[in-house]
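I opened the model to look up its fold, its surface and one side chain. My notes follow the display.

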Amino acid sequence: DNCREENRSSHKENHIIMTDHLEYPNLDNIQVALSSTAASSRPPVKLPQECLDAMNATIPEPYDFATEKSVLKKKEDRDMDLTVTSSGSREDLENSILVKMKSVTGADDDVCVAALESNGWALKPSIETFFQSK
């Protein structure tokens, strides 16, 4: 049995194929032609006109989210104003915002309060509203 195993293993070793240089002389002049009966029996695929039109359509510019960024910036500014001027009560906070608006605009209390109330006591939009109305 051992002799048979040795013989088998040595027989396998003798048949190692070297892949460095393979020659196939019978394949030197061969030509390969691909054909299919299934492909020739079906009509060609035709895309719908809307797909063809879409291929030639211009791609719109990417949306820049300017409005959304502006809203977020205003909210951050308002939150910052509220945080910086926070002095305890709501009345103290409103008075602090009113003083800031008066110092920037030079307007009367009534005008500043009206602008602040119409903008939810947000300082920056209230100042912008005041100067836009002038």
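I took helices (H or I, at least four residues) and strands (E, at least two) as DSSP runs, numbered from the N terminus. The model is predicted, so I kept local features only at pLDDT of at least 70 and side-chain atom pairs only at pLDDT 80 or more, while totals for chains, interfaces and linings use all residues. Residues are numbered from 1 along each chain as its sequence is written, and side-chain values use heavy atoms, with hydrogens and water left out.

Fold. I found seven helices and zero strands in the protein chain. The pattern along the sequence reads α-α-α-α-α-α-α.

Burial. I counted a residue as buried under 20% relative accessible area, exposed over 50% and partly exposed in between (1.4 Å probe, protein chains only). By that count, 14% of the 134 residues of the protein chain are buried.

Contacts. I used heavy atoms within 4.5 Å. Of the contacts between residues at least 6 apart in sequence, 31% join residues at least 24 apart.

Tyr-24. I located Tyr-24 in the loop between helix 1 (2-13) and helix 2 (37-41).

Thr-105. Is Thr-105 buried or exposed? Thr-105 is buried, at a relative accessible area of 15%, and sits in helix 5 (residues 90-105). Leaving out residues up to four places away in sequence, I listed Cys-112, Ile-127, Phe-130 and Phe-131 as touching Thr-105. I then checked its side chain, which reaches the backbone oxygen of Met-101 at 2.8 Å and the backbone nitrogen of Ala-107 at 3.2 Å.

How values were computed. Polar contact = N/O pair within 3.5 Å; in protein donor to acceptor, adjacent residues only side chain to side chain.
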